[in-house]
Amino acid sequence: MANLPELPSRRGVLRTAAAAGVTGLAALPGAARADAAAHGSPPQLPGGLVPYRSPYVNWAGEITHHGLWACAPRTGQEVADLADWALASGWRLRARGMSHTWSPLTITQATASDARVLLLDTTRHLTHMETAEPPPGAPGAVRAQTGVLLDTLMGFLADHGLGVTNTPAPGELTLGGTLAIDAHGASVPADGEEARPGHTYGSLSNLVLSLTAVVWDAGRGGYVLRTFQRGRDEECEALAAHLGRAFVVEVVLQAGEEAPLRCVSRVDISADELFAPPGSAAAARGRTLADFMAATGRVEAIWFAFTDRPWLKVWSLSPQRPPTSRRVTGPYNYPFSDLLPTPVSRLAGRMVADAAWYLAPELGAAQYTVAATGLLATAAKDLWGASHHLTFYLRPTTLRETANGYAFLTRRADVQRVVSEFAGYYRERLHAWAAAGRFPVNGQVQIRVCGLDQPREAAVAGAGPPLLSVIRPHPDHPEWDCAVWVDVLTQPTTPGAAEFYRELERFCLRTFDGRYATTRVEWSKGWGYSDTAAWADQEVIGTAVPASYGDGEWAHAVRILDRLDPHGVFGNTFLDGLLRA
């Protein structure tokens, strides 16, 4: 057998990714340039677009590619021209933003070096934003291209006195990427809180008023730019959360008035109390997750492995700064979380390098200690400021971990039951595995609660929910009005992680099975586990996932996306298997 060329390491891919993305083929190191040459001449793209070889690395480094052809379209029309070219040339197009994803929605790990896959970098040119005329019932609106970063967009809105209720924790994500997977936040109405015009307690996708996408025009026999209006065109609801099965170049989002937030962090409440079963003595003390949710509407728990006191964040609407709160003037206010202290980085490094996975309890304890002491050292226990300055808190410099992800649709009255049952099972299995000398989790559990994508929160008549949104209301259960999100994080190479995740997934599917809650997968995270890999259980992919949306609803969404791109130019082999009517 001929000797195969050595592929760059994951670290090598990371080092060259930025240079390759900015300056193209010439900027790659010699080995990568030779690799590019070995896989054929650059594709001849339309309109003078210049191709370059670009590494691809997803968030946790589990899907990596040492070099695919890429380009940076400057306009939506150039994307349409590329789609025509791709169809004629036998290529597929994949939008590429910040690659902050775990799942194979952009490319799959099996993508070959010579695959006819062209990455389209949206962050170079498709970043324009401007205010737009809002519809009646919304204080404001913004027109934005999909390559703009969320923290940039939210800063732009704040400069105009506008904001949104729900954002994900990372702000360095593209608008297009977050809409594709209906990115969520952590808010429901507090007890007595009135709805605010222009806001939604659901996902960012529920803010869409209109969008412009590249779609197939049968009459022309080619791809064109077309704008779809929420409440008028059913295509808008399909494209508002399309999983990467389409290319949206511009959206108009509604916005509400900006409202400052206060965020109080606590690390003094035990998991037994915070996640206590409803009706128990521990729950009667009034400090459960559901109690804090009722009081302020905005909570998040980060529970480090093998520790007993989660890091609880409690946000609340606060027009005026409380006397005890520190004013902040920018996002990312937990530097101890973004830049790992030496004890944590050494433990994590030793676990991976020496296969010392038994150090998981020590790592969990170290992470808790860093959070508890860091909150004090940086005066970050009680913060106040613009809403996006407090909801954006995670930067790319943080520890990169793999994660599973699920949302449990339920009633507010059952939130504590859902949280308690999940937390109890997770902790029992974690300690059972540890007793057997196995440590599949060395990161954290993250728990958030948000509202659903209620059409009544859209400021246009006749709006429907985004069809493939994880938090789309269930047609058979109008009483379900919120979603409990859970993620379990661990180092990507941790032995037994997939097997442990499979146990958790099976528990979730059989426990939250439609009686008082139902399980949906979080598109950007890990799910569909076999004992060795994510996105490998065909029963989950082909049956459980579609069924979680209700009879007919899944097929309806898939048919619309197929109609808009009947040739599958915007797709990959994973999406081909998932999105079937």
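User: Is Asp-182 buried or exposed?
Analyst: Asp-182 counts as buried, because its relative accessibility is 1%. By definition, buried means under 20% relative accessible area, exposed means over 50%, and partly exposed is in between, with a 1.4 Å probe and only protein chains counted. Before we go on, please keep in mind that this is a predicted model, in which local features need a pLDDT of at least 70 and side-chain atom pairs count only at pLDDT 80 or more, while totals for chains, interfaces and linings use all residues. Residues are numbered from 1 along each chain as its sequence is written, and side-chain values use heavy atoms, with hydrogens and water left out.

User: Where does Asp-182 lie?
Analyst: Asp-182 lies in the loop that runs between α5 (175–180) and β8 (208–217). The helices (H or I, at least four residues) and strands (E, at least two) are DSSP runs numbered from the N terminus. The backbone of Asp-182 also has a phi near 45 degrees, which is a positive value in a residue other than glycine.

User: What is phi of Phe-306 near?
Analyst: Phi of Phe-306 is near 65 degrees, again a positive value in a residue that is not glycine. Phe-306 is found in the loop between β12 and β13, and these two strands form a hairpin with six residues between them.

User: How many bridges join β12 to β13?
Analyst: Five bridges join β12 (residues 298–304) to β13, and the two run antiparallel; strands are said to pair if DSSP finds at least two bridges between them. Within this pairing, Val-299 has Val-314 of β13 as its bridge partner.

User: And which way does β11 run against β13, parallel or antiparallel?
Analyst: Strand β11 (residues 261–266) runs antiparallel to β13, to which six bridges join it. Strand β13 itself (residues 311–317) is mostly covered, with six of its seven residues buried.

User: Changing topic, what is the order of the open sheet of four strands?
Analyst: The order of that open sheet is β1-β2-β4-β3, and its pairing is mixed. Its edge strands, each of which pairs on one side only, are β1 (52–57) and β3 (92–96). Five bridges join β1 to β2 in an antiparallel arrangement, and there Tyr-56 stands opposite His-65 in β2.

User: What does the side chain of His-65 reach?
Analyst: The side chain of His-65 reaches the backbone oxygen of Ala-112 at 3.2 Å. In general, a polar contact is a pair of N or O atoms within 3.5 Å; within protein, one atom must be able to donate a hydrogen and the other to accept it, and residues adjacent in sequence count only if both atoms are side-chain atoms. His-65 is found in strand β2 (residues 64–71), and it is buried, because its relative accessible area is 4%.

User: Now Ser-530: which residues does Ser-530 touch?
Analyst: Leaving out residues up to four places away in sequence, Ser-530 touches Ala-498, Glu-499, Arg-502 and Ala-536, where contact means heavy atoms within 4.5 Å. Ser-530 lies in the loop between β20 (517–521) and α15 (538–547), and a polar atom of its side chain is 3.2 Å from the backbone nitrogen of Thr-532.

User: Why is Ser-530 called buried?
Analyst: Ser-530 is called buried because its relative accessible area is 18%. Thr-511 counts as buried too, because its relative accessibility is 12%. Thr-511 is found in helix α14 (residues 497–511), where a polar atom of its side chain is 2.8 Å from the backbone oxygen of Phe-507.

User: Last one: how many helices and strands does the protein have?
Analyst: The protein has 17 helices and 20 strands. Its radius of gyration is 23 Å, close to the 25 Å that the globule rule gives for 581 residues, so the protein is as compact as a globular protein of that length. This radius is taken over C-alpha atoms, and the globule rule is 2.2 Å times the number of residues to the power 0.38. Of the 581 residues, 62% count as buried, and the C-alpha atoms fill a box of roughly 70 × 65 × 45 Å along the principal axes.
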